[in-house]
Amino acid sequence: MKISEFVKKLKSYGWFEYYTEENEEKFIAKIKERLAEYEIEDHEVENFDALFPCTWLDPECIHGFGAYDDLLNELAADSFGLFNPVDTDEEWDDEAGTIELSYTLNGHKISHKWENTGSDYIDIEFWACIDMGIEKAIPHIALVDIEDSSGMYSKVFGSRKAIKEIAKCGLVSFITEHNI
């Protein structure tokens, strides 16, 4: 399948419904960039999972203060304008053994505190904090994973409706069971 056919299918499922024209162009350019990176000819693409613009995260990337704020900003940068947290703040309270992450999303203040387990792995409570923001401020959007056998997290923001349809037809292997 060619990129143009893939993009046409994405459009038919409403993928770009909440994108600006500029961000839609950036999304398509990112797919083309990955095609070149993997040295794949446009007409040879059979599976867009690895080419789909997303945030690839090493699950073992928490190495102290600032790590969750960095993750939040990385996810926002790769969201093509769908997830734009501002006024981010991360607090580690060593005495209480807690981490608190807060941010503002579309005028809604989001704050979540959880126990610091001391692990290098991204705590599941971080994802809960993002889901809280999505639910409150952008309920038409979801953060989902793309199936990946490498052990990395492949996260993408998209329209809930489009994600359901795309997953159902198998165009992209979204893992949707936890928040769609």
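User: Which residues of α3 are buried in this model?

Analyst: This is a predicted model. In α3, the buried residues are Ala67, Tyr68, Asp69, Leu71, Leu72, Leu75 and Ala76.

User: What covers the buried residues of α3?

Analyst: Both strands and a helix take part. The cover includes the strands β1 (55–57), β2 (86–93), β3 (98–105), β4 (108–115) and β6 (153–159). Helix α4 is also part of the cover.

User: Let's take α3 and α4. How do I read two packed helices?

Analyst: Two packed helices are described by the angle between their axes and by the distance between those axes. Now the case here. Helix α3 spans residues 67–77, and helix α4 spans residues 124–137. Their axes come within 12 Å and cross at roughly 45°. The two helices are therefore oblique to each other.

User: Is the crossing of α3 and α4 left-handed or right-handed?

Analyst: Helix α3 passes α4 in a right-handed crossing.

User: Which residues make the contact?

Analyst: From α3, look for Tyr68, Leu71, Leu72 and Leu75. From α4, look for Phe126, Trp127 and Ile130. By class, this contact has 7 nonpolar residues, no polar ones and no charged ones. Tyr68, Leu71, Leu72 and Leu75 also belong to the buried residues of α3.

User: Next topic: disulfides. How many does a search of the whole structure find?

Analyst: First the general idea. A disulfide is a covalent bond between the sulfur atoms of two cysteines. A search of the whole structure finds 0 disulfides.

User: Now a loop residue. Where is Gly97 found?

Analyst: Look in the loop between β2 and β3. Gly97 counts as partly exposed, at 24% relative accessibility.

User: What is Gly97 in contact with, beyond its neighbours in sequence?

Analyst: Set aside the neighbours within four places in sequence. Gly97 is then in contact with Trp114, Glu115 and Asn116.

User: How far apart are Gly97 and Glu46 in sequence and in space?

Analyst: They are 51 residues apart in sequence. In space, the C-alpha atoms of Gly97 and Glu46 are 47 Å apart.

Definitions and conventions
Residues numbered from 1 in each chain as written. Predicted model: local features only at pLDDT ≥ 70, side-chain atom pairs only at ≥ 80, totals over all residues. Heavy atoms only, no water. Axes fitted to C-alpha atoms, helices over the stretch in contact; angles between N-to-C directions. Helix = DSSP H or I, 4+ residues; strand = E, 2+ residues; numbered from the N terminus. Parallel < 35°, antiparallel > 145°, perpendicular 65-115°, else oblique. Left-handed = near helix turned anticlockwise from the far one by under 90°. Contact = heavy atoms within 4.5 Å. Nonpolar A, V, L, I, M, F, W, Y, C, P; charged D, E, K, R; others polar. Disulfide = S-S within 2.5 Å. Buried < 20%, exposed > 50% of the residue type's maximum accessible area, 1.4 Å probe, protein only.
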